[in-house]
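Here's a quick tour for anyone opening this structure for the first time. Have the sequence and the 3D view side by side as you read.

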Amino acid sequence: MKMLLFFFLSIFLMGAVMMACGGKSGNQQSKAPEESHSATHGETPQEVIRVTIFNEYIHERENEFVRKIYPQGIHGAIASYMKNEPGFIVRTATLDEPEHGLTEEVLNSTDVLMWWGHAAHDKVKDEIVDRIQKRVLDGMGLVVMHSGHYSKIFKRLMGTSCGLCWREAAERERLWVVNPYHPITQGIGPYIEIPNDEMYGERFDIPEPEELLFISWFEGGEVFRSGATWHRGKGKIFYFSPGHETYPIFHNMEVLKVLANGVRWAKFHGNDQTTGIGGCYQVKEPLEKLSEKDYKTGVLEHPEEFMQK
Ligand code: ZN
């Protein structure tokens with residue numbers, strides 16, 4: 001009897017609560033998750049992010065098999081996804097373009113550079129690598145994909161050989177999220193499964209990652225640190241390993257989502273009022289008035305570049 005009374009009381013209270021909420025219909029309530037989904041798409045959805053996608057663009061032109069997977073090139077596949085991301089302004093650049101499509105003007109108007117290379121790392125001109133490094137140190141984000149681990153720019157910024165073990169046997173790969181607190185791993189499940197991928201295995205000769213986001217398991221038994229981040233100067237770097245050219249990995253929505261998250265994370269959001277890079281400036285005028293000194297300093301000659309202009 002008590003149970004029955006409790007049941008009717010509960011029904012009555014539920015009704016009262018629904019009235020108090022303005023009698024929202026079930027239909028309206030079901031819209032709420034959609035609204036919150038768009039709100040969580042990025043904390044500042046209006047923010048503009050200028051993305052440049054570099055691809056050496058060799059396999060897709062020389063190999064029929066790869067061309068069928070990526071008729072617009074790997075850069076084209078990635079760009080077509082990124083163009084639909086809110087706020088993204090997307091450009092592409094390839095090796096054969098003058099200055100590899102990475103002129104001063106392009107890099108100076110790039111917030112985040114994405115990099116895919118494999119067969120022609122040595123064809124990338126050192127002066128362009130210098131230019132990219134300078135921009136990264138000055139705050140440009142860099143997202144390095146797959147065999148870009150062996151690119152000049154990644155090795156330069158890491159300072160290690162960046163070598164790894166590999167095997168091409170169309171193996172199943174499971175990329176486990178090991179850092180659920182990170183914006184780059186948002187919006188995907190506990191892992192991403194790729195039916196066929198090239199095996200990348202340890203040891204991966206990189207400096208200790210500042211944040212390890214993914215660890216991959218491969219069908220053949222190897223494991224690999226497949227998603228990791230670093231800072232260099234003011235710049236943020238994200239390495240993400242899936243993306244072998246003979247598998248349709250850049251058509252995988254979860255992989256593309258992680259890359260878009262990586263771009264959003266890598267954009268500089270710090271303090272841009274501090275001095276630039278490579279500076280070692282003489283400060284002639286202290287902020288505060290210094291007290292009288294009873295000590296005479298000797299004056300040393302310094303190279304011209306150390307002196308305040
Ligand atoms: Zn590969």
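What follows is a short briefing, starting with the overall picture and then going topic by topic.

This is a predicted model, where local features need pLDDT of at least 70, side-chain atom pairs count only at pLDDT 80 or more, and totals for chains, interfaces and linings use all residues. Residues are numbered from 1 along each chain as its sequence is written. The protein chain has nine helices and nine strands; these are DSSP runs numbered from the N terminus, with helices being H or I over at least four residues and strands being E over at least two. Buried residues make up 34% of the chain's 309 residues. "Buried" here means 20 or more other C-beta atoms within 10 Å of a residue's own, "exposed" means 12 or fewer, and "partly exposed" is in between, with C-beta atoms placed from the backbone.

**The sheet**

- Nine strands form an open sheet in the order S2-S1-S3-S4-S9-S8-S7-S5-S6, with mixed pairing; two strands pair if DSSP finds at least two bridges between them.
- Strand S2 (88-94) and strand S6 (191-201) sit at the edges with a single partner strand each, so one side of each has no neighbour in the sheet.
- From one strand to the next, the twist averages 25°; axes are lines fitted to C-alpha atoms, for helices over the stretch in contact, and angles run from 0 to 180 degrees between N-to-C directions.
- S6 runs antiparallel to strand S5 (residues 165-177), joined by eight bridges, and Leu-175 stands opposite Ile-192 in S6.

**Strands S3 and S4**

- Five of the five residues of S3 are buried: Val-112, Met-114 and Trp-116 point one way, while Leu-113 and Trp-115 point the other way.
- S4 is largely enclosed by the rest of the structure, because five of its five residues are buried.
- In S4, Gly-141, Val-143 and Met-145 point one way, and Leu-142 and Val-144 the other way.
- In a regular strand, side chains alternate between the two faces of the sheet.
- S1 and S3 run parallel over five bridges, with Asn-55 opposite Trp-116 in S3.
- S3 and S4 also pair in the parallel sense, over four bridges, and Leu-113 stands opposite Leu-142 in S4.
- S4 and S9 pair in the parallel sense over four bridges, where Leu-142 has Ile-237 as its bridge partner in S9.

**Helix H7**

- Helix H7 (residues 126-137) has 12 residues and reaches 16 Å from its first C-alpha to its last, close to the expected 16 Å; the expected span is 1.5 Å times one less than the number of residues.
- Its buried residues are Val-129, Arg-131, Ile-132, Gln-133, Arg-135 and Val-136.
- Those buried residues pack against helix H6 (104-108), S3, S4, helix H8 (152-158), strand S8 (223-232) and S9.
- Asp-126 is found in H7 and is exposed, with 9 other C-beta atoms within 10 Å.
- The C-alpha atoms of Asp-126 and Lys-152 are 8.2 Å apart, though the two residues are 26 residues apart along the chain.
- Just after H7, Gly-139 takes a positive phi of about 120°.

**The core and its helices**

- The largest nonpolar core has 61 residues, and Met-114 and Val-143 have the most contacts inside it; such a core is a set of buried Ala, Val, Leu, Ile, Met, Phe, Trp, Tyr and Cys residues joined through C-beta atoms within 7 Å.
- Helix H9 (residues 253-266) gives the most to this core, with seven residues.
- Not counting residues up to four places away in sequence, Met-114 touches Val-51, Ile-53, Phe-54, Ile-78, Val-143, Met-145 and Val-263; a contact means C-beta atoms, placed from the backbone, within 7 Å.
- H9 lies across strand S1 (49-55), strand S3 (112-116), strand S4 (141-145), S6 and strand S9 (235-240), running at about 170° to S9.
- Helix H5 (residues 73-82) is mostly covered, with seven of its 10 residues buried.
- What covers the buried residues of H5 includes S1, helix H3 (59-62), S2, S3 and H9.

Key. Contact = placed C-beta atoms within 7 Å.
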